[in-house]
Amino acid sequence: MPAELSIALPGQVTRKVPLQGNFTIGRGSVSDLILKDARVSRAHALLRPLGRGNYFLLDLGSANGTFLNGRVVTAPVQLSDGDVIVIADCTIKFESPEQRPITAPTPANYDSTMETAVNVSTEAVSFLIVDIRNFTKLSETLPPKELPSFVGSWFRDASAVIESHGGVIDKFIGDSVMAYWLGAGEAADPKLARGPVDSALELIEAARLYHGQLTARHPELSFKVGCGIHMGEAMFGNIGGSSRRDFTAMGDCVNVAFRLESQCKALDREIVVSSEVKDALGDAYAFEDLGELKLKGKSHDVRAYAVTRKA
């Protein structure tokens, strides 16, 4: 059964709506759930699917906030079966049967650990990791009413940029976005490198605009992001025990992308890519050689480059 929403409004009968793809909530006429309430923004919140009944909830920069289980949503959060979303006077219960544990009896000699991954495939892929710098200070300093709106707007715009360049949002991890591009052929396909690099360059420019908006109100704060990009091969499949599996990407290629992103702050660079990405792009972009980097968890050094602009 697909995930669904149980929607309750004052004076109305509770209704259920199945979730099939992105689901938008707002006062605007193009929203999937239209709430005619002055406290609801035109584009208020978004439920984004990640496969197998899993959804992320994003506040889209609303003026009055989106609440999940009594707490204001300040960054994208993965929903669990039974979670309750409140927007103004509307109460929305998220229900995902696929997340519920399997209660049927199993043989005593059945070892559930033997079923930890199914339908795993190896694909040519590139990964982009985008992380907000100094998010802790931002979340501690911004007024409670400003933080969800500001951060929600950023995640909305960042997702739109990535998708406009053909990327797929894999997940939101705290203040980070993980996205990937799948290739139809070799892992060194230039198309796999252009998508994430073009996204990163556009995101850096967008972050500068956000920085200007933020410092106009709070001169003591700053808004910066770091982007790590790597390409190669990774495994895609359903991970977890039989009662709960999540479709995700795995392998060294993913880990390297995360480690390169973490080098952005250490090296004071905005976009750090691997030599595989640089070699695939050739002379189409301007690079700065950062040398051989020691990345956590890697037995050998990884040559990295900073991307500054298109050539």
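Predicted model: local features only at pLDDT ≥ 70, side-chain atom pairs only at ≥ 80, totals over all residues.

Me: How many helices and strands does the protein chain have, and what share of its residues count as buried?
Reply: Helices (H or I, at least four residues) and strands (E, at least two) are DSSP runs, numbered from the N terminus. On that basis the protein chain has five helices and 19 strands. Buried means under 20% relative accessible area, exposed over 50% and partly exposed in between, with a 1.4 Å probe and protein chains only. Of the 311 residues of the protein chain, the share that counts as buried is 47%.

Me: How many salt bridges are there by the rule used here?
Reply: In general, side chains of opposite charge can pair when their charged atoms come close. The rule for a salt bridge asks for a side-chain nitrogen of Lys or Arg within 4 Å of a carboxyl oxygen of Asp or Glu. By this rule the count is 16.

Me: Where do Glu205 and Arg208 lie, and what is the N to O distance of their salt bridge?
Reply: Both residues belong to helix α3 (residues 190–217), and because they are three residues apart there, about one helical turn separates them. Glu205 is partly exposed, with a relative accessible area of 44%, and Arg208 is also partly exposed, at 42%. Their side chains meet in a salt bridge with an N to O distance of 2.4 Å.

Me: Which strands hold Glu292 and Arg303, whose side chains meet in a salt bridge?
Reply: The side chains of Glu292 and Arg303 meet in a salt bridge at 3.1 Å, N to O. The pair ties together parts that are 11 residues apart in sequence, because Glu292 lies in strand β18 (residues 285–293) and Arg303 in strand β19 (residues 302–310). Glu292 counts as partly exposed at 43% relative accessibility, as does Arg303 at 30%. The strands asked for are therefore β18 for Glu292 and β19 for Arg303.

Me: Which element gives the most to the lining of the largest pocket?
Reply: On a 1 Å grid over the protein atoms alone, a pocket is an open set of points where a 1.4 Å probe fits, with protein on both sides within 12 Å along at least five of seven lines, and lining residues have an atom within 4 Å of a point. The largest pocket is lined by 14 residues, of which Lys224, Cys264, Asp268, Arg269 and Glu270 lie nearest its centre. At least two residues of the lining come from each of β15 (225–239), α4 (252–267) and β19. The element that gives the most, with three residues, is β19.

Me: Which residues does Ser153 touch, not counting residues up to four places away in sequence?
Reply: Ser153 has its place in helix α2 (residues 146–164), and it is buried, with a relative accessible area of 14%. With contact taken as heavy atoms within 4.5 Å, the residues touched are Asp59, Leu60, Gly61, Pro148 and Tyr210.

Me: How many aromatic pairs are there, and what is the angle between the planes of Tyr210 and Phe223?
Reply: Rings of Phe, Tyr and Trp (its six-membered ring) pair if their centres lie within 6.5 Å, and planes under 30 degrees apart count as stacked, over 60 as edge-to-face and the rest as tilted. By this rule the count comes to 10 aromatic pairs. Tyr210 and Phe223 form a tilted pair, 5.8 Å centre to centre, and the angle between the planes is 35 degrees.

Me: Where do Tyr210 and Phe223 lie, and which residues form the cluster of ring pairs?
Reply: The pair links distant parts of the chain, 13 residues apart, with Tyr210 in helix α3 and Phe223 in the loop between α3 and β15. Both Tyr210 and Phe223 are buried. The cluster linked by ring pairs consists of Phe150, Trp154, Tyr210 and Phe223.

Terms used: Residues numbered from 1 in each chain as written. Heavy atoms only, no water.
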